[in-house]
Amino acid sequence: MKRAVFTACGAMVWLAASLHTGHAQTDPTSAADAYVNAPKPWQMWFPAAGSPMQAQIDWLMKYVLWIMAGVVAFVAVLMGYVFVRFRAKANPVPSHLTHNTLIEFIWLFVPTVLLVIIIIPSLNLIWYEGDTSNPYMTVTVTGHQWYWEYNYQSVPGLDYTSYMIPDDKLAPGEIRRLSVDHPMVLPIGEKIKFDITSGDVLHGFYLPSLGVQKYAIPGTIQTSWTLIPKAGTYYGECNQICGVGHDAMPIEIKAVPLADFLAWTKIAQADYTENSFVPPLVSSPAPEQKFADAAVTK
Ligand SMILES: [Cu+2]
């Protein structure tokens, strides 16, 4: 049902946009330039949450951190007290007491309560993360050595590759090691499901600001999802060591209003058949194999 609406809307939006402008369509992903959620040097904590999932992860992390800080502080104070109060000089005759029912009950009961108040929100979050039901659309994400491939299941023929822009080709406004030739473009405010897999070795589909992290495993599909309320550019990286170009497969997501997204699909279907950068793209020079090279030339 939703898929039918999707296609009809796309055609109408595209037609309306073409009639309105009367010339070449402007970049429909430009709405994503208004907000850039990228890592900063020496950043502490998580990035600003770009999805409800990351907001919940951030909340849980801090919730557990406060409980943990309380436990560490309590144990530290208790140990400090024991070191001073019961040191050999101040306490020459040690107690031979071995059991105390009340204390033993407390030190079992209190940690149990702490574990329960941690596990309830943890399980809730795990179920929330696993709920990929009723997406607006699904994108198949395939990791390759060393680029990503995005296949929009609802848009016939829209299957393209995304390469990192090499350092010497960066244009103004692009971010070194994060910007790509063809970003993934997603509509804001819609639930997007990811089917994640790999064409060769293990990769990691990691989007810190959206709270998504799944291994890309050859021969199997892992699922995740996101929902991005705010138009903007969000970044991620492959975070499984996958070979010499591991650092050259960032993920760039442009989240734009639905109408812009639909306009973009038309352009992408026509333009994304060829890559801007020719594989294989190895970002760092291969290490010199001095001993191996010497053996070969002998
Ligand atoms: Cu990888």
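Analyst: A pocket is an open set of grid points with protein on both sides within 12 Å along at least five of seven lines. This is a predicted model, and its largest pocket has a volume of about 370 Å³. Of the 19 residues lining that pocket, the closest to its centre are Asp27, Thr29, Pro183, Glu252 and Lys254. Strand 10 (232-238), strand 11 (250-256) and helix 4 (258-271) are the elements that give two or more residues to the lining.

User: Which residues coordinate the copper ion?

Analyst: The copper ion is coordinated by His203 through ND1, Cys238 through SG, Cys242 through SG and Met249 through SD, at 2.0 to 2.6 Å. The cut-off for a donor is 2.8 Å from the metal. Along the chain, the donors follow the spacing H-x34-C-x3-C-x6-M. Two of the coordinating residues, Cys242 and Met249, are buried.

User: Why is the arrangement of the 4 donor atoms around the copper ion called tetrahedral?

Analyst: Four donors count as tetrahedral if all angles lie between 85 and 135 degrees. Here the angles are 92 to 128 degrees, and therefore the arrangement is tetrahedral.

User: How many aromatic pairs does a search of the whole structure find?

Analyst: The search finds 14 aromatic pairs.

User: What makes the pair of Trp148 and Phe205 edge-to-face?

Analyst: The ring centres of Trp148 and Phe205 lie 5.5 Å apart, and the planes stand at 70 degrees. Pairing requires centres within 6.5 Å, and planes over 60 degrees apart count as edge-to-face. The pair is therefore edge-to-face. Because Trp148 belongs to strand 3 (residues 147-152) and Phe205 to strand 7 (residues 203-207), the pair ties together parts that are 57 residues apart in sequence.

User: Are Trp148 and Phe205 buried or exposed?

Analyst: Buried means under 20% relative accessible area. Trp148 has 0% relative accessibility and so counts as buried; Phe205, at 0%, also counts as buried.

User: What makes the pair of Tyr150 and Tyr160 edge-to-face?

Analyst: The centres of these two rings are 5.9 Å apart and the planes are at 80 degrees, so the pair of Tyr150 and Tyr160 is edge-to-face. Since Tyr150 lies in strand 3 and Tyr160 in strand 4 (residues 159-162), the pair ties together parts that are 10 residues apart in sequence. Both Tyr150 and Tyr160 are buried. Ring pairs also link Tyr150, Tyr152, Tyr160, Phe261 and Trp264 into a cluster.

User: Why does Ala270 count as exposed?

Analyst: Exposed means over 50% relative accessible area. Ala270 has 54% relative accessibility and therefore counts as exposed. Ala270 is found in helix 4.

User: Where is Trp45 placed, and what is its phi?

Analyst: Trp45 is placed in the loop between strand 1 (36-37) and helix 2 (52-85). Its phi is near 65 degrees, a positive value in a residue other than glycine. Most residues other than glycine have a negative phi. With a relative accessible area of 54%, Trp45 is exposed.

Technical notes. Residues are numbered from 1 along each chain as its sequence is written. This is a predicted model: local features need pLDDT of at least 70, side-chain atom pairs count only at pLDDT 80 or more; totals for chains, interfaces and linings use all residues. Side-chain values use heavy atoms; hydrogens and water are left out. Donors are N, O and S atoms within 2.8 Å of the metal (3.2 Å for Na, K and Ca); water is not among the atoms, so sites may look incomplete. Four donors count as tetrahedral if all angles lie between 85 and 135 degrees; four count as square planar and six as octahedral if opposite donors are over 155 degrees apart and all others between 65 and 115; anything else is irregular. Buried means under 20% relative accessible area, exposed over 50%, partly exposed in between (1.4 Å probe, protein chains only). Rings of Phe, Tyr and Trp (its six-membered ring) pair if their centres lie within 6.5 Å; planes under 30 degrees apart count as stacked, over 60 as edge-to-face and the rest as tilted. Helices (H or I, at least four residues) and strands (E, at least two) are DSSP runs, numbered from the N terminus. On a 1 Å grid over the protein atoms alone, a cavity is a set of points where a 1.4 Å probe fits but cannot get out, and a pocket is an open set with protein on both sides within 12 Å along at least five of seven lines; lining residues have an atom within 4 Å of a point. Grid points are joined across faces, edges and corners, and a volume is the space filled by probe spheres set on the points.
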